[in-house]
Number of protein chains: 2
Amino acid sequence: MKNFVFHNPTKLIFGENTIKEIGKEIKNHGIKKILLHYGGGSIKKNGVYDVVINSLKENNIEWIEVSGVKPNPRLSKVYEGIKIAKENNVEGILAVGGGSVIDSSKAIAGGFYYDGDIWDAYSGKYNIEKALPLFTVLTLSATGSEMNGNSVITKEETKQKWATHSKALYPKVSIIDPTAQYTLPTKQTINGAVDAISHVMEYYFDGTPGTEIQSQIAEGIIRTVIKSTEILLNNPKDYDARSNLAWSATLALNGLLMAGSSGGDWSSHGLEHSVSALFDIAHGEGLAIIFPAWLEYVKNEDIDKFDRFAKEIFNIDTGNPSTDAKLGIEALKEWYKKIGQPISLKEIGATENDIDKLVENAVQRAPMGKLKKLGEKEIRDIYLIALNNK
Amino acid sequence: MKNFVFHNPTKLIFGENTIKEIGKEIKNHGIKKILLHYGGGSIKKNGVYDVVINSLKENNIEWIEVSGVKPNPRLSKVYEGIKIAKENNVEGILAVGGGSVIDSSKAIAGGFYYDGDIWDAYSGKYNIEKALPLFTVLTLSATGSEMNGNSVITKEETKQKWATHSKALYPKVSIIDPTAQYTLPTKQTINGAVDAISHVMEYYFDGTPGTEIQSQIAEGIIRTVIKSTEILLNNPKDYDARSNLAWSATLALNGLLMAGSSGGDWSSHGLEHSVSALFDIAHGEGLAIIFPAWLEYVKNEDIDKFDRFAKEIFNIDTGNPSTDAKLGIEALKEWYKKIGQPISLKEIGATENDIDKLVENAVQRAPMGKLKKLGEKEIRDIYLIALNNK
């Protein structure tokens, strides 16, 4: 186990009928005017918007709206948010939506106090040390952004989908009401589940020895996500399944699994970001395509862990670690197929001609990875596996 | 799953050679003078004291020492600490030791700002809303006090061992260096392990349905504690086993398992507090005696969970839930015996004549429990099971 610092100051309010608390929480921080940031119209359809607005009004909090955040949130929207936040002297940001909205809010929160281009934080030229206080109401469990300091933004012109991290970007308060996710399109629930599983696997397979407790928790989260997702496919309004999926997705990326690890591998996320930047598919779809290909490519680097994964997640135990490792990856792909995810680049319309573009985009962040360092050759090899995976 | 708020602001620094950071962390909070609180001489023997003192000196932090904290920490020592803290106008408290030292520090931290008797916080007459900032260096993993707002203190005259909780009592910073536990007496390592398992079981068996992710994490912690303890019995200096046991014990009571539960059952802790208050045995020994008796007494209240426990922790699966439940409890007792714990009151010198005293002491906090409400009769029944358990 590696040395670590665990420090997650976010106050997480969880459960049915909790969204109405948001105004009071913002007021408790002495904030009187916020930027309200959200995506399309879903929060107006499912009633979340009205609950939030009533809570703001009841607590005498003024708000300015910036909406229209899209999946794979764009830098142009961030610039718009920063401009409006500055013009209106807001004192905080309230993100109402999924990970894209929260990530966009984080960029605005950091950009508010930075005179340069906030993209500098994503390209590695600037560390965000000060940010507007951030509050979130989560409507789609997936990225874990509600309880961490991470943000991923896409720069449209250059098709760069890059990430930043800062202690200053942890939300002060996040609210998760699982019932707000009852009306999600099935596809979004599934993408969230795949995202959560992928976060767990980034840590689980980063090659750090002596992390028994982290591995146990990781396996518990993956089993719970699989079980909950299967229940939700039949009954999207199963409260306990929604709760378990939601809280598992938060725990998957709130620092719990990072503690004691080598920081996670993150190659699959790096490779996926190029896929969703170029093809504009959902992150969860891209991960269902890329992660199994990466697993296949690197499995011999830590065959015992892959063997354990097969046994603990899919009850596979032939007695031969290599066989088990292989069968475990197959079982993961089968499960992704079963819930309706693509597992090959071909399925999202990519051809061999697209591989060069993907490699060129991804290689900007190379070398990547902990379990195995990936350079241009390895990146290409993995995309080629992903192209025709089945 | 129940609604919950998860908010744990403690910064946890973990790993080899981290104790020397403590001075800098205290200084970062703008604190120049602290009360240094510890127990007997063990921290002087194992070198922890010197590392702490050097770190304080390097960061120009003055300190006043109050030492001599005993297991089952006494109210009289708390009064002494409060008096000295006030006389010397300290700005914070540094606890160096195990859970007893940290709990005692919390009482002093709360008592510093309270004009009445700090025992009021333990008897339920006062809620601690303000406390001196607390820093801890943990030298015995067991109670989880390094990352929560709990404190248990014993009032000697009345033999009351009672608990309090406050947001104000969360340590600002806690440091856990697993190597500081290399030289612990085996018995203390074992008591810590039993304490950690017991904390997990208090939540696991509190009867809340729909807590799949919590149950998965609970099982993972228990399995890790068992595995790590067995390694340490053979090699007390196994770094990964120490690390896994230490971090598991912290996670067992840092709010993670409480989130979504009904708050935990806590009957076994209540019944044990009377045992260790009257017999002055270690809390971990008392829990090894009381918890199996409680499990036996209440198992039919939630037979499926007991069945699951047997399967997940001890691989017991006869196909009959009642049989499994019974065998699971037997297996837990066998494991406690194997690691050298008592499992009956008789083994610590109690006789049937002591039952009245125990009941009288415990019933002050009755009714207790969530899975089954315990009054005087039930409390007596459980002590009688515990008397001759084998």
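A salt bridge here is a side-chain nitrogen of Lys or Arg within 4 Å of a carboxyl oxygen of Asp or Glu. The model is predicted.

**Exercise 1.** Decide which kind of contact joins Arg308(A) and Glu219(A), and state where the two residues lie.

*Solution.* Step 1: the N to O distance between the two side chains is 2.6 Å. Step 2: the cut-off is 4 Å, so the pair counts as a salt bridge. Step 3: Arg308(A) belongs to helix H12 (residues 303-314) and Glu219(A) to helix H8 of chain A, 89 residues apart, and the pair thus links distant parts of the chain. Step 4: Glu219(A) has a relative accessible area of 1% and is buried.

**Exercise 2.** Determine what the salt bridge between Lys227(B) and Glu212(A) joins, and classify both residues by accessibility.

*Solution.* Step 1: the closest N and O atoms of this pair are 3.2 Å apart. Step 2: Lys227(B) sits in helix H8 (residues 212-234) of chain B and Glu212(A) in helix H8 (residues 212-234) of chain A, so two chains are joined. Step 3: Lys227(B), at 41% relative accessible area, is partly exposed. Step 4: Glu212(A), at 15%, is buried, because buried means under 20%.

**Exercise 3.** Which parts of chain A does the pair Glu301(A) and Lys372(A) tie together?

*Solution.* Step 1: their side chains form a salt bridge of 3.7 Å, N to O. Step 2: Glu301(A) is in the loop between helix H11 (283-298) and H12, and Lys372(A) in the loop between helix H14 (355-362) and helix H15 (376-387), so the parts tied together are 71 residues apart in sequence. Step 3: Glu301(A) is partly exposed at 42%, and Lys372(A) is partly exposed at 23%.

Methods. Residues are numbered from 1 along each chain as its sequence is written. Chains are lettered from A and ligands numbered from 1 in the order in which they are written. This is a predicted model: local features need pLDDT of at least 70, side-chain atom pairs count only at pLDDT 80 or more; totals for chains, interfaces and linings use all residues. Side-chain values use heavy atoms; hydrogens and water are left out. Helices (H or I, at least four residues) and strands (E, at least two) are DSSP runs, numbered from the N terminus. Buried means under 20% relative accessible area, exposed over 50%, partly exposed in between (1.4 Å probe, protein chains only).
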